[in-house]
Amino acid sequence: MNEVISSTLQSPSKGLREVWGWFDVSQDDRVRVSGLLPLAEQNIEAILEEFYSREGGYDRPGGDGPPHGMQDVRDEQRRHLLELFEAGLDQKSFQDRRRAGLFNENYGISPSFYLGLYTFAINRICDLLRQEAEDEASALETEKALRKAAACHQAMTIEAFSAARSDAIEQRERQLSELPTPVLRLQAGLLLVPVVGVLDSHRSRLLTMQILDAIREQNARAVVLDITGVAAVDSMVANHLIQTMTATRLMGAHSVLTGISAEVAQSLVKIGVTGEALNPAGDLERGVETARKLLER
């Protein structure tokens, strides 16, 4: 049960059937929704045109997308909306929702814009349903079924969108963690190491080796390690920083840590790291000044 709640889209054999149930979508509801497919196909283009042409109804998505990106967005939105009327539980339905979420993430379409268009389209389909209905009671039941199925459909797409965004963030962080870290010679005996991006355990170990090699090769007597470009430091990385500073001293060089943000400072305090262990010096300017004074001793 917890597995299904935490990730509806992980298992198509369990997740889709379960999530239809959460939204109280019965087999009869799915049949009613499927029966609306011809109506939706006949009117979907007019509905999209009305949505985009109305005043204040269009917050241009995909500004950084590829050429002709806007037409791609409209084509994809048409397909997303029509997929609702398939009301399926199969592997295709599962893949369709994942693809819709990925598309929204890749084209920068916000959940608000997506939900706004979706709600607009469903309301228009319901208007048409009532206008053409010969049996008012049956039309009301079909409208209820459509709104339940639509809510379920939207929820699955948003979940896929959220998963795609998390994957994209993880990928960007992984790319940042693989950035090379330069070791700069500021003057004879003084090195500057600016770190930008994600500082994880793997990168911390590589950084330590880089600094120790540079100290030996350039006969450095002081190192300023600047972490202004590092957003977060966990306990594992903090321990690596302490080990780096300690190893630097064992190589006969002074070490100064600069650029500690308020968030990183709070994290370090929580895990019991003291200033003595890291020899902090506020910003980079003060760090370089401190290192130069250490060289004069």
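Modeller: What follows is a short chat about this predicted model.

Biologist: What helices and strands does the protein chain have, and how many?

Modeller: There are 13 helices and four strands in the protein chain.

Biologist: How much of the chain is buried?

Modeller: Of the 297 residues in the protein chain, 44% are buried.

Biologist: Now the rings. How many aromatic pairs are there?

Modeller: The count is six aromatic pairs. One of them joins Phe 51 and Phe 120, with 5.4 Å centre to centre and 65° between the planes.

Biologist: Why is that pair called edge-to-face?

Modeller: Its planes are 65° apart, and an angle over 60 degrees counts as edge-to-face.

Biologist: Where do those two sit in the chain?

Modeller: Phe 51 is in helix α4 (residues 37-53) and Phe 120 is in helix α7 (residues 111-132), so the pair ties together parts that are 69 residues apart in sequence.

Biologist: Are Phe 51 and Phe 120 buried or exposed?

Modeller: Phe 51 is buried, at a relative accessible area of 2%. Phe 120 is also buried, at 9%.

Biologist: And what about Phe 103 and Tyr 107, how are their rings arranged?

Modeller: Their ring centres are 4.3 Å apart and their planes are at 20°, so the Phe 103 and Tyr 107 pair is stacked. Both Phe 103 and Tyr 107 are buried.

Biologist: Back to Phe 51. Which aromatic cluster is it in?

Modeller: Phe 51 forms one aromatic cluster with Tyr 52, Phe 113 and Phe 120.

Biologist: Different topic: how big is the accessible surface of the protein chain?

Modeller: It comes to about 16,000 Å², and 51% of that belongs to carbon and sulfur atoms.

Terms used
Residues numbered from 1 in each chain as written. Predicted model: local features only at pLDDT ≥ 70, side-chain atom pairs only at ≥ 80, totals over all residues. Heavy atoms only, no water. Phe/Tyr/Trp six-rings, centres within 6.5 Å; stacked < 30°, edge-to-face > 60°. Helix = DSSP H or I, 4+ residues; strand = E, 2+ residues; numbered from the N terminus. Buried < 20%, exposed > 50% of the residue type's maximum accessible area, 1.4 Å probe, protein only. Areas by Shrake-Rupley, 256 points an atom, 1.4 Å probe, with all protein chains shown as cover.
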